[in-house]
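Have the sequence and the 3D view handy as you read.

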Amino acid sequence: MSIVAGLLIFFALAVVFGLLLGYAAVRFKIEGNPLAELIDKKLPQTQCGQCGYPGCKPYAEALAKGEAEVNLCIPGGEPTMLEIAEILQVEPKPMDAEATAPKPRMVAVIDEDICIGCVLCIKACPVDAIVGTTKMMHTVIEKECTGCELCVPVCPVDCIDMVIEKTSLKNWKWPEPTVAAETQK
Amino acid sequence: MKFSSSPFAHNNSSVQKVMLQVQLAAFPALLAHIMLFGYGIVIQWFLAVATALLVEYVMLKLRDRPALPNITDFSALITVTGLVFCIPPESPWWVIVSGSAFALVFGKHLYGGLGYNPFNPAMLGYAFLLISFPAEMTQWTLPKEIAGYGLSFWDSFNHIIFGALPHAPIDSFTGATPLSAVKTGIQEGVSANQMLQAPYLDSGLFHITAWGWINVAFLIGGAWLMYTRTIRWQFPVGFLASLALMAWIFHSINPDLYAPVSFHLLFGGTMLAAFFIITDPVSSSTTPMGRLIYAAGIGILVYVIRNWGAFPDGIAFAVILMNIAVPLIDRYTQPRVVGH
Amino acid sequence: MSTNSLRNRLIKLIAPLYPMAKRWLYHFHGGVFPQYNKSLSLRQPLRSGFMPKQLILPLQQHMGIPAVPCVQIGDRVKKYQLIAQADKGLSVPVHAPTSGTIIALDQRVLPHASGLAEPCIVIAPDGKDDALTNPLNLQQPPQTIAEFKQLLLNAGIVGMGGAGFPTFAKLPNQPGLVQHLIINGAECEPFITCDDVLMQTHADDIIRAALFIADLFAIPHVVCGIETNKPEAIKAMRQACQGSNIEVVEVATVYPMGGQKQLTQELVNIEIPTQKHSVDVGVVMMNVATLRAITQAIDLGQPLVSRFVTVSGMGLTQPFNIDALLGTPFNELVELAQPQPKLDYPLLMGGPMMGFAVAQNDVPVIKTTNCVLANPPQEMQDPMACIRCGECAEACPINLLPQQLYWHAKAHEFEKAEQLNLFDCIECGCCSFVCPSRIPLVQYYRHAKAEVRELKAQAALTEQAKQRHDARIARLEREKQEREAKMAAKKAAVKQQAEDAENTVKPNNEDNAPMSARDKAIQAAKARQQAIKTQAEQPVVDKRQAAMEAAKARIAAKKAAETTTEPTTRPGAEQTTTELTVEDKRKAAMEAAKARAAAKKATETTSEPTTRPDAEQTTTELTVEDKRKAAMEAAKARAAAKKQQDSSP
């Protein structure tokens with residue numbers, strides 16, 4: 001008798017929880033591919049294409065589908081790789097030696113005196129951050145440049161340089177205090 | 001270029017000063033202890049300090065940290081001093097040595113050293129001893145006036161180090177602690193009031209027992225700490241108030257089953273906990289409101305464990321339990337920031 | 001609230017026994033009681049008339065956008081003359097503090113925590129102190145708010161208590177919006193006494209400006225807060241207030257009583273909401289020094305060219321207060337106070353609680369310099385682990401949890417720090433002052449704030465890059481589709497035409513038959529080629545000549561240091577419309593690169609490679625000239641090569 005009661009109780013519980021889970025699956029269904037969105041948020045959005053995909057979003061989508069390696073984002077470097085691996089729940093893969101540390105923010109600067117106005121860099125820029133037209137000198141909109149360096153190799157007269165932003169009163173940061181004694185060696 | 005940021009002035013306080021202040025405040029209790037229970041505690045204290053120095057040095061070396069500024073922060077001194085007051089003064093040497101080592105290794109260094117430990121190291125060590133050596137921990141030295149016999153320094157030394165029995169019948173110098181005795185008595189059907197009128201709980205100056213006087217000594221030291229702002233007032237106030245309130249409520253309901261307020265405040269480690277144990281800033285709550293909640297929680301838990309738990313005194317477990325709740329308390333008791 | 005109420009007297013009785021009882025004397029949370037050392041600089045009389053060897057005037061002495069210089073090197077200027085105009089936006093002009101000659105316009109180290117060098121105007125005084133008459137062209141005191149604000153802007157007045165916020169921007173545009181005008185004479189920082197001395201000597205000026213502003217903006221309540229440790233100043237100000245309804249209130253001596261939020265809370269019991277300005281809640285606070293500068297502007301039409309500065313510190317034998325010209329180097333002031341021991345340590349600007357160490361001791365006094373402090377460095381104890389003692393939280397005047405903020409700042413969990421209201425921190429330094437572990441808490445917060453700001457900027461940038469990339473992809477897609485649609489339409493049209501032709505005329509005679517679209521196109525292409533050929537029938541330049549041309553370019557580039565000829569045409573303009581073959585391009589690029597390398601070499605002896613073009617400063621002009629020339633030559637060479645290519649087939 002007691003066995004029957006136990007079985008019944010557990011059966012009832014199974015039904016209730018099953019229904020609850022079923023309801024939750026319908027009620028809280030997530031549309032779209034949240035994984036790709038999540039990864040896209042972690043990518044540096046330089047749109048440099050160094051991963052072999054035409055921009056950050058396609059790489060994120062490929063990652064979400066499991067078609068791409070996690071260590072392809074050069075500008076993001078190791079921190080980004082670790083974040084992607086964390087999201088995808090996969091083993092981190094080492095980056096190429098040069099790409100382990102993220103580089104400081106750089107922007108392209110066109111030497112306007114050398115520029116011949118060939119528009120090649122304009123075509124190469126993934127974020128339309130270069131303005132100018134045929135035969136007129138071009139210039140980089142500094143605050144829109146992502147530092148992807150895609151414009152550097154295409155320039156026929158080699159007039160584009162990548163420069164680190166100069167420290168001024170506007171972007172100067174208080175340095176972090178040196179580490180406390182107890183953690184020093 | 002080396003940057004240094006404002007302020008370029010300081011009020012000259014330091015961790016060392018804070019710790020020494022606490023050590024200083026423990027002296028009245030230490031003196032009372034020596035007067036009432038003999039020199040056992042002095043031997044225990046030296047054993048504990050020696051253990052602390054050794055453990056600190058070895059652990060710092062193992063953790064690859066410089067020994068010098070860290071050993072002299074005196075935090076280990078406070079930890080073992082707290083522990084020494086908790087254990088019976090005539091217990092064998094390995095009790096305090098293992099307890100101190102456990103407190104410092106598992107209570108502090110394994111978590112990353114001073115400032116990073118979630119639990120009160122002294123109470124962790126005490127809990128370890130309570131669970132490991134329950135017999136040793138409940139046999140307390142009887143006060144001189146009850147035993148009628150005070151152990152000399154050498155008697156204590158021989159007993160603690162070599163286990164040699166003093167030249168006196170064993171039963172006459174150790175016995176159950178009052179908390180333990182009352183608990184057993186109530187379980188056996190004796191009323192609390194009757195128990196408290198037993199000669200051994202109704203002795204001493206002004207009818208305050210030796211244990212009571214120790215608590216008074218802690219109270220004096222604690223008052224000094226409050227005055228120098230070394231400890232925060234919320235801890236003793238919250239703790240003593242909640243403990244007293246609990247005792248008062250239950251004593252009012254049934255005086256036979258539940259001991260009066262004065263008993264709870266003056267026996268066991270009440271005052272030690274109120275001013276020296278729960279005030280450990282590292283493992284306690286840091287918001288003003290949180291401190292009150294934390295202290296009150298300990299008070300309630302202490303009362304619960306004393307009355308309905310398996311152990312006669314529940315300070316160690318109460319503190320550790322509330323330590324666990326600290327992050328939660330801190331999160332929900334953040335003070336209102338100006339302008340919000 | 002009287003300072004002599006029974007309660008306050010009781011507290012003062014208890015204070016020697018229990019010093020922290022003093023915290024019950026005021027209304028805001030926390031606060032500390034440092035060693036004030038104010039008497040040091042009050043022993044000497046106020047100095048004035050000191051003329052340094054040169055005056056260094058940074059273009060940015062205020063919060064906002066730097067001013068734009070309007071003088072040249074060699075110009076002679078008179079006292080009060082405008083030497084740098086306010087830029088658009090939050091900016092104020094700079095005026096000459098005395099007469100003299102502009103001897104430099106260059107980068108000098110600023111009195112700023114960063115120790116960065118920024119553009120400054122340097123004046124060599126001539127000692128005559130020739131002043132312009134009515135430099136601000138003031139006919140009568142301003143009648144309207146707009147006139148008044150314009151005058152404040154023209155006079156270059158900024159908040160002189162420390163923040164340096166342009167005063168004109170702080171005031172509302174219409175009357176009636178402000179209920180309380182608070183005159184800040186608290187001066188809570190240790191060592192500093194310049195406001196104290198100013199109140200003692202110029203109380204009338206301060207009150208006049210306050211009354212003027214109260215009148216103009218219809219402010220009903222004007223109150224002045226002075227800490228109890230300045231009895232002389234309180235007396236002087238009370239005397240100056242007689243007959244007006246300005247109330248002078250003694251406030252408790254506690255740091256940071258002079259903070260805007262704290263003094264507002266103390267005097268009018270209003271908490272300034274987070275992320276808001278005080279004017280939003282109807283409070284305007286002005287430092288006494290700012291008010292005096294305003295009086296000088298409205299009464300005399302004088303711009304801000306000098307200020308009271310305290311020169312004090314433990315390392316000085318004769319500290320003093322001085323009415324110093326803006327631009328006076330710190331070290332010259334300190335030498336006047338006979339430093340002992342020798343001044344071989346960095347000076348502080350401001351007080352010990354919120355000041356900062358300057359990178360060089362010859363930085364100038366600017367509009368926000370209230371104190372030059374010479375405290376010989378002391379052996380500093382290394383920071384230890386935080387023991388979570390909570391002293392910092394007790395001391396925080398904003399009621400933050402500094403220790404938890406520190407925890408997150410140290411772990412680089414900046415978002416969590418922000419959630420704990422990191423940005424409400426006023427960086428007063430109370431927490432570090434009381435920390436027994438000597439943790440540089442304030443610096444952690446400053447760093448964390450900078451990081452949060454940068455993170456936000458970075459996030460905005462990333463978002464922008466994403467949007468722009470998406471927009472670009474959409475655009476390319478659209479263009480492709482448009483092109484395809486056009487092509488399809490064309491194809492369809494041609495097909496239609498051909499069909500029409502086939503249907504109407506029989507293809508008997510091929511010569512007479514209309515050409516198919518393809519044939520037409522071929523014909524047209526041929527014609528174009530013909531045209532190009534005829535154009536190209538000019539002296540042929542062979543490849544060797546092109547190389548020689550490039551060599552010439554190199555020589556020219558080397559000579560470029562002397563020559564200053566302007567290029568007649570832009571290099572890019574010479575590019576012909578006909579497309580170059582890939583080979584041509586590469587050649588031309590190579591030549592150009594060579595020419596550029598030569599040009600670079602030419603200047604390498606004088607300039608080292610720098611990260612940013614504008615940092616090249618001294619050599620930029622030459623380099624630009626060189627490059628332009630080289631590019632010109634290169635373009636010529638390219639054109640020649642192309643012509644040769646065109647004519648060879």
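## Ground rules

Helices (H or I, at least four residues) and strands (E, at least two) are DSSP runs, numbered from the N terminus. This is a predicted model, where local features need pLDDT of at least 70, side-chain atom pairs count only at pLDDT 80 or more, and totals for chains, interfaces and linings use all residues. Residues are numbered from 1 along each chain as its sequence is written, chains are lettered from A and ligands numbered from 1 in the order in which they are written, and side-chain values use heavy atoms, leaving out hydrogens and water.

Here's the background: most residues other than glycine have a negative phi, and most peptide bonds are trans.

## Cis peptide bonds

Start in chain B, where the bond from B:Ser6 to B:Pro7 is cis, with omega near 0 degrees. You'll find B:Pro7 in the segment before helix 1 (15-25) of chain B.

Now hop to chain C. The peptide bond from C:Gln340 to C:Pro341 is cis, and its omega is near 5 degrees. C:Pro341 sits in the loop between helix 9 (330-336) and strand 15 (348-349) of chain C.

## Positive phi

A:Asp128 isn't a glycine, yet its phi is positive, about 50 degrees. Look for A:Asp128 in the loop between helix 5 (120-124) and strand 2 (130-131) of chain A. Its relative accessibility is 18%, so A:Asp128 counts as buried (under 20% relative accessible area, with a 1.4 Å probe and protein chains only).

C:His412, also not a glycine, has a positive phi near 60 degrees. C:His412 is in the loop between helix 11 (402-410) and helix 12 (414-419) of chain C. At 42% relative accessibility, C:His412 counts as partly exposed, meaning between the buried cut-off and exposed, which is over 50%.
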